[in-house]
Amino acid sequence: MKVLIYSTKEFELEKLKKANNNKHKITYVSDALDSTTATLAAGYDAISIFSGDDASLVVLEILKELEVRYISLRSAGYNNVSVKSAKRIGLRVANAPEYSPHAIAEHAICLVLGWNRRLITANKQVQQYNFLLNNLIGFNLDGKTVGIIGTGRIGSILVKLFHAFGCELLATDLVHNHFLENQYDLEYVSLKELCKRSDIISINVPLTSDTHYMLNTPLFQVMKPNAVLVNTARGGIVHTGDLLKALKNGTIGGYATDVYEKEKGIFFRDNSFSGISDEQLKELIALPNTLVTPHQAFVTEEALQNIAETTIYNLDCWEENRTCKNELEYGTVIL
Ligand code: NAI
C-alpha cells in the first residue's frame, strides 16, 4: 500500500520505519494535514495523521477526490476527524485506541504531584541557590477525594493509582465500571456532585459535542476553592475563558494540563523565537497556579512503539482485507 504519513515527528520516525519493515511504501512529511496540504496525498492509498491534523469534512472530500481510501490515526483521540462524514463518503478510519493508557495516566499523576509540590518553582529556586520553603507548601494526597471524569482506559488506571495514594474516589461516566466500584470503593455520582466533593478532578473523557466545554463557570462555582483540575484529555472540554476567571478570582485552586483548547498550530513546535499570539494561552501559562505541559503525555518509549505498531497493523488489515479492530464506526457527532 502507498502511504503518506503526515505530521511526522523526529521522535517517532525510527519506530515507524522499524514497525513497517519495508512492507508498505511510506513517504514521511512533517506537514500537518489541512485543506492546503491534502493535495500532497495524490497517488496514495492511505494516509496517517496525528491529533493536531485537520480531517474535517472539507479535507476529507479532497482526500476522497484524490482516491485516498484509508486514514490511520496515530492517536487515541479522534475529535479532529469527522468520522461520520468519512464513513458517509466511503473513507475508512482507524485510531490507535490503547497504545498506552498507562503513559497518560502516569502523566496525570505527574501533573498532580508537580503542581501540588510546586516542583517547577522549587527547581527554579534551587538553581539560583535559594533553598527557602515558604512558597512550596503542598498537601498530602492521602485522604483526599479525587473525582475522575471518564473511567475508560485511562480513567480506570487513575482510579487504581489514586487508590494506592490513599485517596477516596468518585467518578462520573455514561457507563459504570462495577469492577472499579467493588475493588477500589469507587462511587459514581453526577458531574456536579463530583465537582462539589473533589479536591482533585481529572478529565479523562473524549472531546465530543457532549463534552465540549463540559467544565465551565457553573461547575467551577461549585468546586472547592482549593480544588485542582487536571486535564490530560483535550483542551476543548474546558471553557478556557471561564477557567481563567476561576483561576484568577480564586474560585478554584489550580489547573494542571497537558492540552489546550487552541493548541493546533502552536503545540508540537518550537515557538521560542517567534513567540505566540494566543493571549489566553499566554495568560494560562503565566498564572502562578497553573502547570502546562506540551501534550507530552503519550511520549514514552512504550507508547511510541505501540503507536507505530498499531499504525502498521491498521494498514496491514486494510491491505489484506482483514477486519481491523481499531476501525471507527461511531455515529456520535464528534467535534
Ligand atoms: P476511553 O474511550 O477508553 O474512555 C473514555 C470514557 O469516557 C468512557 O468510559 C466513556 O463512557 C466516557 N464518556 C464519553 N463521553 C462521556 C460523557 N459525555 N459523559 C461522561 N462520560 C463520558 O478513552 P481513553 O483511552 O481513556 O482516553 C480518553 C481521552 O484521553 C481520549 O479521548 C483522548 O482525547 C485523550 N488522550 C490524550 C492523550 C495525551 O497525550 N494527552 C493521549 C491519549 C488520549
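1. Along its principal axes, the C-alpha trace spans about 60 × 50 × 35 Å.

2. On provenance, this is a predicted model, in which local features need pLDDT of at least 70 and side-chain atom pairs count only at pLDDT 80 or more, while totals for chains, interfaces and linings use all residues. Residues are numbered from 1 along each chain as its sequence is written, and side-chain values use heavy atoms, with hydrogens and water left out.

3. The chain holds 12 helices and 12 strands, which are DSSP runs numbered from the N terminus (helices H or I, at least four residues; strands E, at least two). Among contacts with a separation of 6 or more, 67% join residues 24 or more positions apart, where contact means heavy atoms within 4.5 Å.

4. Of the 335 residues, 51% count as buried (buried is under 20% relative accessible area, exposed over 50% and partly exposed in between, with a 1.4 Å probe and protein chains only). The accessible surface comes to about 16200 Å², of which 51% belongs to carbon and sulfur atoms; areas come from the Shrake-Rupley method with a 1.4 Å probe, and for residues only the protein chains shown count as cover.

5. A search of the whole structure finds 6 aromatic pairs (rings of Phe, Tyr and Trp, the last by its six-membered ring, with centres within 6.5 Å; planes under 30 degrees apart are stacked, over 60 edge-to-face and the rest tilted). The rings of tyrosine 70 and tryptophan 318 are stacked, because their centres lie 4.8 Å apart and their planes stand at 15°. Since tyrosine 70 belongs to strand β4 (residues 70–73) and tryptophan 318 to helix α12 (residues 301–319), this pair ties together parts that are 248 residues apart in sequence. Tyrosine 70 is buried at 8% relative accessibility, and tryptophan 318 is buried too, at 3%.

6. The pair of phenylalanine 179 and tyrosine 184 is edge-to-face, with ring centres 6.3 Å apart and planes at 85°. Here phenylalanine 179 counts as exposed at 52% relative accessibility, whereas tyrosine 184 is buried at 14%.

7. Finally, one aromatic cluster is formed by Phe11, Phe50, Phe268 and Phe298.
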